[in-house]
Amino acid sequence: SAIEAEVELTDGFHLVIDALKLNGIETIYGVPGIPITDLGRMAQAEGIRVISFRHEQNAGNAAAIAGFLTKKPGICLTVSAPGFLNGLTALANATTNCFPMILISGSSEREIVDLQQGDYEEMDQLAIAKPLCKAAFRVLHAEDIGIGVARAIRAAVSGRPGGVYLDLPAKLFSQVVDAEKGAKSLVKVIDAAPDQLPAPSAVERALEVLKSAKKPLIILGKGAAYAQADETIREFIETSGIPFLPMSMAKGLLPDTHPLSAGAARSTVLKDSDVVLLVGARLNWLLSHGKGKTWGDAPKKFIQVDIEPKEMDSNVEIVAPLVGDIGSVVSALLDGVKAGWTAPSDAWIGEIKARKEVNIAKMSQRLLKNSTPMDFHSALGALKQVIKERPDAILVNEGANTLDLARGVIDMYQPRKRLDVGTWGVMGIGMGFAVGAAVETGKPVLAVEGDSAFGFSGMEVETICRYELPVCIVVFNNNGIYRGLDTDPTGRDPGTTVFVKGSRYDKMMEAFGGVGYNATTPDELKRFVDEAMNSGRPTLINAVIDPAAGSESGNIGSLNPQSVVKKK
Ligand SMILES: Cc1ncc(Cc2csc(CCOP(=O)(O)OP(=O)(O)O)c2C)c(N)n1
Ligand SMILES: [Mg+2]
């Protein structure tokens, strides 16, 4: 009878929930629908926080950034086929950025999919996910749910973190299992991301190379931010006196205003350094693959710290590979420095300081301009001040000019406070990251969005209102992608990169009960953001930016192919 069933039996639904709770999972980000609507309801009833989105890509991005911020896999839950595919972009982006997340999707029955008999939302999801993520598993029997969830968790966070796909066919959920047997089938993952210590010989080799440097440089990547070895990293930099250059999401590991920060002298230190220590930073396109004019002509030696051995020599020769987790490796390097070290010469530190002063002075001039309509710099000058006054606020940032200029203008003061487009430069992470960051940290979020970038996930303003999250969105409304000036030479349609003139994104937030402002000056912008931060209410500020400001593709316009053929 139903009473007996409560006492003796469990089922797939409950085993999935018990397995997640047993492993400390507290939040699920997703979009309901067949076959997982009830799973979400039951998880919520069992105390897991379930955040329902308007599009699975945004739920996936929230799960991904939750993983980056907590080092526990963020969980995204979707329906089969189209819902799974919508989550896949976020899963692939998480894998590219080494953020630990698990995409759990309901799926069709194997026997129908394998015979291609046309099930509701039929798709061979496991096969499709495999090439795009770090690991992918499917569970067919309820007794295997414990192992399946454990494998997914360990795969997501161990070694180089990444995205994992977990395929749960609809029939699995209603499979009934003896309650005691079910409980015994659950697995609590032990030491999911074990320290990986570097070989003492590798540490020795790296220290020798570092000691040979006249102009050493440390580059901190988002892997260094993810490691949460903040004090060890700070102590290593301050004890060695080596200047550091933070990549975008590593900003704030040490304050951008730190005397050893070389952020404002990036071109100089990349060109003139003779030994470069990469910490959780890959020599990919963001660092010009370690070669070419960015790096100057002088010979360079690269030392690389990465948990993934295959990363070594990916672009240029690594003379001192340091394979291990960043905390263990930097701690070993710190011991070596403490045992005997000569700080870099005053000449090198002085060269960087002089260059920084020139660049910061140039920038300050541009920030002070009180133009109307605002341009990027005058608007960003106001937001720079906000973060300086509120260093524990989380800054989410995407766009082209809105992204590239904000990266250099807005100083960060604490680790893991700047969340942006990462390795791919993908648009659309904004609202997912804003929700994930607000839910996981409870901190106020300032999302600085290009108007095009915002459009990719803008419907989630309703989600932000529904959960009453402390998110302040500033849309840099320059009326288009990169600028707002393009026209259709035929005169038939608008240009391909422009938007409706005079648009008011703030009205979208008001539509769902949030607060909307229209800012036309830096002073207004600062005042409205302060009001939002003080109230903690969901807010959207439409910041009117000169459509003629900015450049095509921001700082990376050179990546665009150029047509050499002039049509007659
Ligand atoms: C999923 C995806 N689709 C398209 C693109 C290509 C792109 C890069 S930047 C950008 C938007 C730039 O306009 P925005 O208004 O946001 O910024 P601003 O320069 O300040 O005007 C696009 C469409 C990327 N990167 N990802
Ligand atoms: Mg724009």
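The model is predicted, with local features requiring pLDDT of at least 70 and side-chain atom pairs pLDDT 80 or more, while totals for chains, interfaces and linings use all residues. Residues are numbered from 1 along each chain as its sequence is written, chains are lettered from A and ligands numbered from 1 in the order in which they are written, and side-chain values use heavy atoms, without hydrogens and water.

Me: Which residues are closest to ligand 1, and how many surround it?
Reply: There are 16 residues around ligand 1, the closest being Asn 401, Thr 402, Gly 425, Asp 451 and Ala 453. A residue is near a molecule or strand if one of its heavy atoms lies within 4 Å of it. Helix α20 gives the largest share of this shell, four residues.

Me: How do you know that Thr 402 makes a polar contact with ligand 1?
Reply: A polar contact is a pair of N or O atoms within 3.5 Å; within protein, one must be able to donate a hydrogen and the other to accept it, and residues adjacent in sequence count only if both atoms are side-chain atoms. A polar side-chain atom of Thr 402 lies 2.5 Å from an oxygen atom of ligand 1, so the pair qualifies. Backbone N or O atoms of Ala 400, at 3.2 Å, and of Gly 480, at 3.0 Å, also lie within the limit from an oxygen atom of ligand 1. Taken alone, ligand 1 exposes 600 Å², of which the protein buries 76%. Such areas come from the Shrake-Rupley method with a 1.4 Å probe; for residues, only the protein chains shown count as cover.

Me: Why is Gln 304 called buried?
Reply: Buried means under 20% relative accessible area, exposed over 50%, and partly exposed in between (1.4 Å probe, protein chains only). Gln 304 has 1%, so it is buried. This residue is in strand β12, and a polar atom of its side chain lies 3.2 Å from the backbone oxygen of Ala 281.

Me: Why does Lys 300 count as buried?
Reply: Its relative accessibility is 19%, and the limit is under 20%, so the label applies. Lys 300 is found in the loop between β11 and β12.

Me: What makes Asp 411 and Lys 384 a salt bridge?
Reply: A salt bridge needs a side-chain nitrogen of Lys or Arg within 4 Å of a carboxyl oxygen of Asp or Glu. The closest N and O atoms of this pair are 3.2 Å apart, so the pair passes. It links distant parts of the chain, with Asp 411 in the loop between α18 and β15 (418-420) and Lys 384 in helix α17 (residues 376-389), 27 residues apart. Asp 411, at 17% relative accessibility, counts as buried, whereas Lys 384, at 24%, counts as partly exposed.

Me: What is the phi of Ser 553?
Reply: Phi is positive, about 60 degrees, although Ser 553 is not a glycine. Most residues other than glycine have a negative phi. Ser 553 counts as buried at 9% relative accessibility.

Terms used:
Helix = DSSP H or I, 4+ residues; strand = E, 2+ residues; numbered from the N terminus.
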